[in-house]
Amino acid sequence: MKLPLMGVINLIHETEDMGPLTSARCLATVPFGARYRLIDFVLSSMVNSGMNKVAVFAHTKYRSLMDHLGSGSNWDLHSKQSGLFVLPPSIEDQSDFGKGDLYQFYRHRDYFARSPLEYVVVARSHMVCNIDFAKVLDQHRARGSDITVVCKEWPEAATGLTRKAKLDADGRIVDMQDHFGRLASDVVSMEMYVLRKELLLDLVDTSLAQGKDHFVRHAVMPRLGELKVDAYMHEGFLGVVNNIPSYYKHSLELLDPNVWNELFFEPGPIFTKVKDEPPTRYRAGSSVTGSLIANGCDIEGRVEGSILFRGVKVHKDAVVRNSIVMQNGVIGEHGLLSNCILDKEVEIRSDQQLMGASDLPYIALKRKII
Amino acid sequence: MHKSECIAMLLAGGEGRRLGVLTKDLAKPAVHFGGKYRIIDFTLSNCVNSGIDTVGVLTQYQPLVLNRYLGIGSPWGLDRRGGGMHVLPPYVRSKGGTWYKGTANAIYQNMGFIEGYDPEYVLIISGDHIYKMDYDELLESHKRNRADATIAVITVPWAEASRFGILSVDEDDRVVEFAEKPKQPNSNLASMGVYIFSWKVLKEALIRDEATQGSSNDFGKDIIPTLLEDGARLFTHRFDGYWKDVGTIDSLWEANMDLLEDEPALNLNDRSWRIYSVNPNMPAHYLSPTSSVQSSLINEGCVVEGTVNRSVLFQCVTVGEGSFIEDSVIMPNAKIGKNARIVRAIVGDGAFVGDGCVIGSADAAEIAVVGSGDRIEAEAKLEEAKS
């Protein structure tokens with residue numbers, strides 16, 4: 001069944017501090033979970049919820065994004081009636097890049113205006129979760145909310161950079177602050193906002209007319225008194241992945257089979273770009289434990305507590321421990337990796353050793369040879 | 001009208017009777033192979049990699065699984081405007097219709113489809129074989145020889161020659177004799193069941209064959225011998241790569257085991273000749289702290305907590321703690337409980353093997369088989385192949 005809900009994955013000024021991992025790509029396409037990109041989680045959730053119209057508001061460094069999303073066919077969004085819309089920023093001069101997201105919402109308003117769908121969910125790409133937006137919309141309608149914000153009770157949070165929200169006894173949001181604020185609360189915002197399309201367009205026009213151009217900061221947060229802004233509590237797994245510690249922490253959490261099952265299958269499967277790699281080959285003498293291994297790998301050495309993306313080679317007597325090796329990485333004979341994150345196509349030559357710390361992984365740039 | 005120089009007709013109606021419980025609901029081309037693929041993926045990928053963009057797939061026996069798998073050909077890049085992949089089951093005409101009586105009759109019944117593309121050449125292949133072959137080289141040799149038909153051949157051991165269609169050739173590789181499964185072979189060049197015909201010649205031969213009383217309407221038994229008798233220009237094209245007919249439980253098991261060699265003759269990792277398949281889109285597989293995996297192929301979506309040695313695990317297989325799997329093939333979605341022991345066996349897709357079961361053994365004469373969807377309850381023993 002199709003939901004009367006259209007999606008926006010808003011990549012404009014996403015909060016992030018990913019250092020080298022986003023030097024040549026946007027946060028949305030940071031590789032995660034052995035074969036995915038961050039954006040796959042929210043995009044698959046939307047599709048599995050019954051949404052068939054999703055726009056991605058791209059902003060900067062979006063070559064990898066266009067390459068990854070293609071026609072949308074991997075998410076079943078290559079449809080005649082609606083489907084996937086990747087909308088690059090509409091700018092007149094360089095200074096427009098500095099303007100807030102509402103400015104781009106305004107420039108892309110035809111996307112909203114042309115659709116008969118009544119509701120919009122505005123989301124970000126870096127919330128790693130598997131969520132049913134139909135339930136969010138149900139609650140939104142049942143409670144008569146103006147805006148519903150997907151939130152999570154997350155006392156241990158603190159790793160990724162998240163907005164915090166304070167709720168009253170009825171679950172209405174009474175205060176909300178950016179990640180650097182002093183608001184004390186165990187509830188974090190998952191940056192998914194459900195509202196009527198008409199209200200969104202009103203907020204865009206009104207805010208811009210008032211000289212304000214940030215959706216959450218200027219259109220939502222100052223109106224917590226005037227609009228009924230309610231929280232929808234997400235019960236499933238959440239990883240807020242927008243800095244290195246959170247990337248490393250939430251990646252390694254996938255090595256818990258319960259998390260693996262929940263994140264990748266419940267309530268629906270997570271889709272990504274198909275690569276047609278063969279099954280992974282384990283050779284005689286290999287030893288792999290407590291690890292997540294994608295297809296197309298060729299393993300002769302030892303791998304412990306690690307995540308290998310597609311097409312990684314681990315040669316004889318090499319050891320990979322508590323590390324993340326992205327696509328097509330090569331670990332030479334007698335090489336040693338411990339607490340490392342290797343970006344795509346990094347080659348560790350024979351006998352080389354790389355060691356990071358468990359709270360500060362070593363990061364190798366894309367295509368680096370060590 | 002879309003004109004193609006060469007189109008492919010892929011015979012995919014094989015029943016695969018000798019694969020027993022593995023083909024009870026599906027045609028042989030749809031049988032799983034190599035941890036991720038179905039047999040037909042190899043020929044379809046060969047077509048695409050050889051630059052052939054128009055493929056007619058002739059289905060007959062148990063087509064449901066196969067039809068659903070093929071869809072509109074997108075996984076192989078065959079959802080094309082103009083050409084692309086077309087599934088061609090037997091159909092009813094105003095004067096009635098018939099089942100495909102033989103391989104040649106299947107093509108005869110689809111002459112209208114072929115004419116629609118007005119091809120110079122037609123490639124005839126079957127969805128029963130595992131191999132990687134550049135059909136463009138076959139076509140080039142066909143053109144170079146100004147042949148009427150070119151047959152791909154492979155050298156087989158003399159001892160096995162009597163199981164194949166055997167061709168004797170002169171010094172120019174022109175066919176001088178063809179014998180179907182000869183008791184006393186004069187050559188060890190075996191037909192791979194891969195033919196290129198000049199369409200005009202084939203069309204005429206098909207019409208004549210259809211009018212011939214008592215013909216079995218088969219390429220190997222009727223079309224080729226008749227063309228040879230008539231003095232047509234028949235040539236062979238030698239192929240020296242890996243080629244296997246996986247028509248029996250033993251050969252299916254062996255072909256899977258062949259992939260576990262250090263340098264397998266069939267290289268699945270060659271990025272210039274990828275084998276495409278319908279992607280299950282499952283997460284990366286998980287090997288638990290209690291797992292041990294060696295000399296094996298494992299596909300996405302698997303969860304392994306036990307020991308896997310010299311085996312092939314398809315997508316979404318789970319292996320419980322304490323279980324031991326050796327020299328075996330475990331097909332998609334099979335669930336293996338705890339402390340089970342599976343040796344020299346094929347476990348069909350969706351099968352369930354309960355805790356403590358023993359399937360097959362290292363010294364058994366036959367490969368043990370658990371049929372697709374079968375349930376083997378806890379502590380059961382299955383050491384002989386099911387009939």
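Tutor: What follows goes from the interface to the sheets, and then to a few single residues.

This is a predicted model, in which local features need pLDDT of at least 70 and side-chain atom pairs count only at pLDDT 80 or more, while totals for chains, interfaces and linings use all residues. Residues are numbered from 1 along each chain as its sequence is written, chains are lettered from A and ligands numbered from 1 in the order in which they are written, and side-chain values use heavy atoms, with hydrogens and water left out.

Start with the contact itself. On one side 36 residues of chain A take part, and they touch 38 residues of chain B; contact means heavy atoms within 4.5 Å. Between them the chains bury about 3100 Å², and 45% of this is on carbon and sulfur atoms. Buried area is the accessible area (1.4 Å probe) that two parts lose on being put together, summed over both. Within chain A, the residues that lose the most area to chain B are A:Asp276, A:Arg281 and A:Tyr282, together 22% of what that side buries.

Next come the polar links. There are 28 residue pairs in polar contact between chain A and chain B, with both residues at pLDDT 80 or more. A polar contact is a pair of N or O atoms within 3.5 Å; within protein, one must be able to donate a hydrogen and the other to accept it, and residues adjacent in sequence count only if both atoms are side-chain atoms. Which elements of chain A give two or more residues to the side that touches chain B? They are α9 (257-265), β14 (280-282), β15 (287-289) and β16 (291-293). Helices (H or I, at least four residues) and strands (E, at least two) are DSSP runs, numbered from the N terminus. Of these elements, α9(A) gives the most, with four residues. By type, this side of chain A holds 18 nonpolar, 12 polar and six charged residues. Here Ala, Val, Leu, Ile, Met, Phe, Trp, Tyr, Cys and Pro count as nonpolar, Asp, Glu, Lys and Arg as charged, and the others, Gly among them, as polar.

Four salt bridges cross the interface of chain A and chain B. A salt bridge is a side-chain nitrogen of Lys or Arg within 4 Å of a carboxyl oxygen of Asp or Glu. B:Arg271 and A:Glu277 form a salt bridge through their side chains, at 3.0 Å from N to O.

β16(A) pairs with β14 of chain B (residues 285-287) in the antiparallel sense, over three bridges; two strands pair if DSSP finds at least two bridges between them. One residue of this pairing is A:Ser291, whose bridge partner in β14(B) is B:Leu287. The open sheet has 11 strands with mixed pairing, in the order β28(A)-β25(A)-β22(A)-β19(A)-β16(A)-β14(B)-β17(B)-β20(B)-β23(B)-β26(B)-β29(B). Its edge strands are β28 (362-364) of chain A and β29 (375-376) of chain B, each pairing on one side only. On the chain B part, β20 (residues 318-319) and β23 (residues 335-336) run parallel and are joined by two bridges, with B:Lys335 as the partner of B:Thr318.

Chain A has another open sheet, of five strands in parallel pairing, ordered β15-β18-β21-β24-β27. β15 and β27 (353-355) are its edge strands. Inside it, β21 (residues 319-321) and β24 (residues 336-338) run parallel over three bridges, and A:Val319 stands opposite A:Leu336.

The peptide bond from A:Glu266 to A:Pro267 is cis, with omega near 0°, and A:Pro267 lies in the loop between α9 and β14. A:His13 has a positive phi of about 50° although it is not a glycine.
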